[in-house]
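Here is a short walk through this structure, chain by chain. Have the view open as you read.

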Amino acid sequence: MTTPATLLRGGRIVDPSQNHDAVGDLLLVDGKVEAIGRVGEVRRDGDALETIDCSGLIISPGFVDVHCHLREPGREEVETIASGARAAAAGGFTAVCAMPNTDPVTDNQAAVGFIIRQATRAGAARVYPIGAISIGEQGKTLAEFGEMVSAGAVAVSDDGKPVVSAQLMRTALEYARTFGIPVADHCEEPTLAANGAMNEGIVSARLGLKGIPAEAEEIMAIRDILLARRTGGHIHLCHMSTRGSVELIRWGKERGIHVTAEVCPHHLSLTEEAVEGYDTNAKMNPPLRTADDVAALQEAVKDGTIDLIATDHAPHHYDEKEREFADAPNGIVGLETALAVNLTWLVHGGVMDITTLIERMSCAPARVFRLDGGTLRRGSVADVTVFDPDAEWTVDPERFVSKGRNSPYAGRTLRGRVELTVVDGRVIHRRQH
Amino acid sequence: MPSRQTTVLDARAMDRVLRRMADEIVENNNGTDDLIIVGIQRRGVQLAGRIVRYINDREKVDVPSGALDITLYRDDLQTVGPRPVVGPTDLPWAIDGKHVIIVDDVLYTGRTVRAALDELADFGRPKRIGLAVLIDRGGRELPIQPDVVGKAVEIARGERIDVFVEELDGKDAVVVAATGDA
Amino acid sequence: MSGVGALGKDLLGLEDLSGDQIRLILDTAEPFKEISERAIKKVPTLRGSTIVNLFFEASTRTRVSFEFAEKRLSADTVNVASSGSSVSKGETLVDTARNLEAMRIDMVVIRHGASGAARFLAERIESNVINAGDGTHEHPTQGLLDMLTLRDNFGHLDGLKICICGDVLHSRVARSNIWGLRKMGAEVAVCGPRSLLPNAIGEMGVTVFEHIEDAIQWADALNILRLQLERMQAGYIPSLREYNRVFGVSRERLERAPKDLLILHPGPMNRGVEIDSDVADGPHSVILNQVTNGVAVRMAVLYLLAGGKPELAEAAKGGGR
């Protein structure tokens, strides 16, 4: 049921885009932010008003996940745009960007339009398609950026795969400038990383698994940064995982190169030791690295070297993961645990405050990918996340909204939980009590 | 915890008994030809060693001897809990056509002797197998009888009998004690 | 007859075992050596037990060694040979595990190309699982028989200097040896081209010799690994000829050693590559002893893993001698 007006009352409203942090009321009218005020001071006469009590909770601009895999078209048994959009809502995300490594690959305007239509029908979180850089993600021929953007694509990427050809990456960065979209790269040097199953280090040596050295990521990261310098294009580096990468991003930003970067919650909280016992739920690409890398990434998210946090939500079927480690596919789900993981390790862990976290999960993603939202300024879209920063809960993948169950946090008790997710002024998720 | 103990054989008595057993063995065999003395691990081995020494002294011969560990032939391996330690088996003699005397410290249910018989069968076919035990405490669960007995002792419920040998325990004695579970 | 003894339910690797457990296995192997010298090489210990040899990788020598061990303990054995991973051929490892469980198998000996496969199986079935080699992770019975052979010759393991020579990066034998020997107090070194050593070798508690001559000066024994052609992704070394010239263990090199080095090799050998024939067949080679010890060690492992059920032991307490 949609009411034209909703009042979120008595919560701590934290909006980094306006430097606002105070307990108060938030009024949403006709899908837009109408007013913020002190408790009880925001009034609305006339039309029906739905009031939701948010005392003890935090009200923030809706979270935006610029990197997730919704598997539709092609692998609907593992996730659909609808189930993914609902899972996003359950995780407090008001918008997500869907990577194009679907089957068939989202590399043309019809495919982009399909995703938009499916998302609209789902009526949960917004879904913005990311188009492929190359046709079929084959790394040979450029896809039609213009057509895809006019159909609704917000960025291009060949994620799932690296762009191996430096020439192709150069061309993509140049061509994307016309449309003002970022080019997002999955940084992986294929010959160094070939057949690797986890981080290269003492754990991989002990377990007898082929390792992926940190350099496989860093070599491509610096290549992309240099090409961004040459072309003036916007390179966005996906799922950074090493200290070395952080240092290279810093180098690039110091020189005014237009490079932005993201990191995933799992790389901010887990290390390669999670693979002990050959747990395939700890297998993803790029892999979990060392404690030193985790520390560097946490520091980088805090100081903004890494602009934003994205989930790289990658559902897989139970059968696929129930296999010998080397044969299991890479990826874990993340939409429904992202907030709690970030709060537990970063905020409650003392690395950063809530304002910074919200900035990295909402304001920055919207800004970097030029999307609506990320702010509670008057007149902006009414995309809001309400959450309890302290509530403890135990992760049970069987209760996920997502069809995927592959989470390394299963059984762990985390602190922080989404209460309410609002898109366009409409409540799309409310926690069951 | 100190329990009521009775010494059935002290060191000197044990020595006398073993000498008598050695004599009986030679007597039953009408000499020492084809005799092989095999002790069952663990204390049967030490007792066999004594018996062999007495026979050798008396008869001025060198009777072959060996040791048998029957752990791998036990009929209760499934139920006994964690694997018992397997001791060494040392039987370098061909036993076909020989008179083998099995020596053990205590004969009770007879299962150890049955296991020893099975194991000997894997080594060859003796002409005859005899059994010499220091203590027969009765309570047979199989039809097995000793040919030479040191001493027959009645053990009440709630009691146990232990044989100690100098080489392993620092003293020679046979002691009956209460087990504590009546 | 599957149970939990002093080793737990499974033997998956030496990294998880304590020095005492390794010692128990080596000590238990002694009486089993004797059985293999008898005319009738059989004891009834595992009579009625069903053991499946599940070999996903071709291997004659290890499988045959296990088969002898099983048969000498009077167990019933079944060989199942399969090739390929879950992905490429037919039945997944999970389904294989479930089928074995449904057939009430007591013990499974598994060799598989994927590291962690033995553990994967062990976590899903109640039968005892013995790792006969999983990917490049561990080959515990090989490590054990190597240690038994060393102990036979030197009388002890602690303080011994053993150098593992060759492709350590891809070798499960190397890893098992490193973990096992270190637990028993030996000093371990490796020698080979850096492209065939794990990058993190420095953290594995071993000395690294860049040159085989230095290793020979230092060691009491060499464990020479087969240059694993089938496992190498092309390009770790330029050629076999160069490998032999730079790292091959030859009689000339051994003659310059300060003492007589014991020579071990897990087999099969590439004569003229990692080891020259006159060394393999020479007076200090214990390669054939390794094979003999292999059966005894495997019998010991089977014996120890098939521990009895303690709850039945309570009931049977009345019985005795």
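## Two helices in chain B

Let's begin with a pair of helices: α1(B) passes α2(B) in a right-handed crossing. This is a predicted model, so treat everything below as read from a prediction. Helix α1 of chain B covers residues 11-28 and helix α2 of chain B covers residues 43-59. Their axes come within 9 Å and cross at roughly 65°, which makes α1(B) roughly perpendicular to α2(B).

Which residues do the touching? From α1(B) come B:L18, B:R19, B:M21, B:A22, B:I25 and B:V26, and they meet B:L47, B:R50, B:I51, B:Y54, B:I55 and B:E59 of α2(B). Sorted by class, that contact has nine nonpolar and three charged residues, with no polar ones.

## Chain A as a whole

Now for chain A, which holds 12 helices and 18 strands. Its C-alpha trace spans about 65 × 45 × 45 Å along the principal axes. A compact globule of 433 residues would have a radius of gyration near 22 Å, and chain A has 21 Å, so the two agree.

## Where chains A and C meet

Chain A also touches chain C: 16 residues of chain A and 23 residues of chain C take part in the contact. On the chain A side, these residues split into seven nonpolar, three polar and six charged.

## The two domains of chain C

Chain C has been assigned two domains: domain 1 takes in 19-138 + 293-310, and domain 2 is 140-291. Taken over C-alpha atoms, the centres of these domains of chain C are 25 Å apart. Their contact uses 19 residues from domain 1 of chain C and 21 residues from domain 2 of chain C.

What supplies the domain 1 side? In chain C, α1 (19-35), β4 (128-134) and α11 each give at least two residues to it. By class, that side has seven nonpolar, eight polar and four charged residues.

## A helix pair in chain C

Helix α11 of chain C (residues 287-305) also packs with helix α5 of chain C (residues 140-154). Their axes lie 8 Å apart at an angle of about 120°, which makes α5(C) oblique to α11(C). The crossing of these two, α5(C) and α11(C), is right-handed.

On the α5(C) side, the residues include C:L144, C:L145 and C:L148, while those on the α11(C) side include C:V297, C:R298 and C:V301. Altogether, the contact of α5(C) with α11(C) has five nonpolar, six polar and three charged residues.

Terms used:
Residues numbered from 1 in each chain as written. Chains lettered and ligands numbered in written order. Predicted model: local features only at pLDDT ≥ 70, side-chain atom pairs only at ≥ 80, totals over all residues. Contact = placed C-beta atoms within 7 Å. Nonpolar A, V, L, I, M, F, W, Y, C, P; charged D, E, K, R; others polar. Axes fitted to C-alpha atoms, helices over the stretch in contact; angles between N-to-C directions. Helix = DSSP H or I, 4+ residues; strand = E, 2+ residues; numbered from the N terminus. Parallel < 35°, antiparallel > 145°, perpendicular 65-115°, else oblique. Left-handed = near helix turned anticlockwise from the far one by under 90°. Domains from an automatic or database assignment. Rg over C-alpha atoms; globule rule 2.2 N^0.38 Å.
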